[in-house]
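Q: Please take a close look at one part of this model, the interface between the two chains. What does each side give to the contact, and what holds across it?

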Amino acid sequence: MLTAVVIRSGEVLQVRLVSAEEGKEVDLTECSFEPEASNPTECGPGPSPIIPEMKELAWGAGSFIVFALLMRFFLFPRLKKGMDSRYNSIREGHENAEATRTSARSEVAQYDAAVVAAKAEAAKVVDAARATLETERQAAITAANARIAAQREAAMAAADAARAAGRSQVESAVVDVVSSAVEIATGKRPDGSAVSRAVADAMSAGVR
Amino acid sequence: MIALEFPPINEILRWKDLFPTFNKIALIAVAAALIGTVVFLLAGRKDAKVAPKGVRNFAESIVEFIENGIIMQTMGRDGLGWTPFLLSLFSFIYLCNVPGIIPFLQMPATARMALPLFLSLLVWVVFIVTGFKHQGLAYIKNSLFPPGVPKALYLLVTPIEFISTFLVRPFSLTVRLFANMLAGHILLVTFALLSEALFQAEGNPALIPVGVLPLFMLIFLTGFEVLVAFLQAYIFTILTAVYIGGAAHPEH
Amino acid sequence: MEAIAALAALTGDEAKAASAAGSAGFAYGLAAIGPGIGIGYLVGKSVEAMARQPEAAGMVRTTMFLGIAFTEALALIGFVVFILIGL
């Protein structure tokens, strides 16, 4: 097992590898080391890590106080003003949107009401038209019925007249036939009025 | 077995002055304040009306984080006036922490005692002044003699309260920030040196590939330090908020 | 064994530095035990609370970070002592 002993003294970095078991040097290498500071006399042993240095304290305090005062009186108020104005405009935008939405809602409600009214109007008109149509139809139907009835009566009257005419013709013919028959049978001409009365009786009985 | 002589701690904190009284830490602190100013300046110049993007979005998300993630959780709505102070505290500490992992800078400014000490003393002064402003002299009474404790116990409670409120708070704020960042820095230095020493072990070529292992650890720790830089800035800010909130409103 | 033998071979300032380095390591190691257990317990309990009540996760997380900060301070004081002894 080897022990590497690295010793850094000023410009020289020494690396010695020592075998730990025997404690005797195996290899000795020296390599020159280029420090960052070109002039090593300028850096002394280095500052104490704990004790604050006055120059650092002064520069740090000065820069922080300047920064804090700038922030307090100039930088932050400007930034905050911008932020606040934007937030306010956003809030206003939200409120406007809300107002627009409510007005739109009320308009929609108005529209709905108008639609309902129009529908009711249309229904009324349709109903009225339907009622008018119905009455007209009823009137037409009654007129037609009346005409039909009148025509039927006329036809029936014509038929009755025709039947009566036919009957009177049949009766006169029958009276003639009967008078001729009676003349042949009895040799003398029967009383015309009696014959016609008898025929009329018989016929009316026969018809019945 | 490898024995690596680690350089003394003050040697890894050594750098030369850029000019007298101005060194790397001062440079990082000034740069942090400048970068913070420039970021918020650019953010404020953008048009506020349109949806934020780029630098404005970034700055506004930090502000939202301070307001919702820190102040509302600890101080409530009354503490919103502290946003600029806490915002500058958070930004400054974060920007001072982050150079710990930026190549060529490789030094968190808060890993030196000066900055954490100054910031926590400032916070200490601020919360004590806030306490007197909000409660008057009753602040001393409320913080040293908490109500609801039997009279005899004040002999024990008052010194403890005094030490924990007025001495331990600034001390622990300082040490927490300083030691976390210094520990991270030392870890990075350790693994970098280990990896360097193994890569340069010319006497034993078998050791050279082994140097990859600390190199991977170094990469992992660099990622870890990003998290630590944020977390320490967050913890410092939230503790400040807790202290100021506690001073503004006495516990009942 | 070899380390103790090597220590015995040292004299004066070297022995002092060696024992300082050793005790610095012990100081930090001992200081890390308690906070390690504490932070583990704290975070475990916080995760339990967050799992049980996800709506309170933000508050629990804030409190968790505060608790970690207070607990961690002990370990960090150990670290500072480690630096102070090692100087």
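A: In this predicted model, the contact draws on 51 residues of chain A and 64 residues of chain B. Putting chain A and chain B together buries an area of about 5000 Å², and carbon and sulfur atoms give 67% of that area.

Polar pairing is also present. Between chain A and chain B there are nine residue pairs in polar contact, counted with both residues at pLDDT 80 or more. Four elements of chain A each give two or more residues to the side that touches chain B: strand E1 (2–9), strand E2 (12–19), strand E3 (25–32) and helix H1 (54–186). Of these, H1(A) gives the most, with 26 residues. Sorted by class, the side of chain A that touches chain B holds 31 nonpolar, 10 polar and 10 charged residues.

As for charged pairs, the interface of chain A and chain B has four salt bridges.

On chain B, helix H5 covers residues 114–135. H5(B) has 22 residues and spans 32 Å from its first C-alpha to its last, close to the 32 Å expected at 1.5 Å a residue. After H5(B) comes B:Gly136, which has a positive phi, near 70°.

Key:
Residues numbered from 1 in each chain as written. Chains lettered and ligands numbered in written order. Predicted model: local features only at pLDDT ≥ 70, side-chain atom pairs only at ≥ 80, totals over all residues. Heavy atoms only, no water. Contact = heavy atoms within 4.5 Å. Buried area = accessible area lost by both parts, 1.4 Å probe. Salt bridge = Lys/Arg side-chain N within 4 Å of Asp/Glu carboxyl O. Polar contact = N/O pair within 3.5 Å; in protein donor to acceptor, adjacent residues only side chain to side chain. Nonpolar A, V, L, I, M, F, W, Y, C, P; charged D, E, K, R; others polar. Expected span 1.5 Å × (residues − 1).
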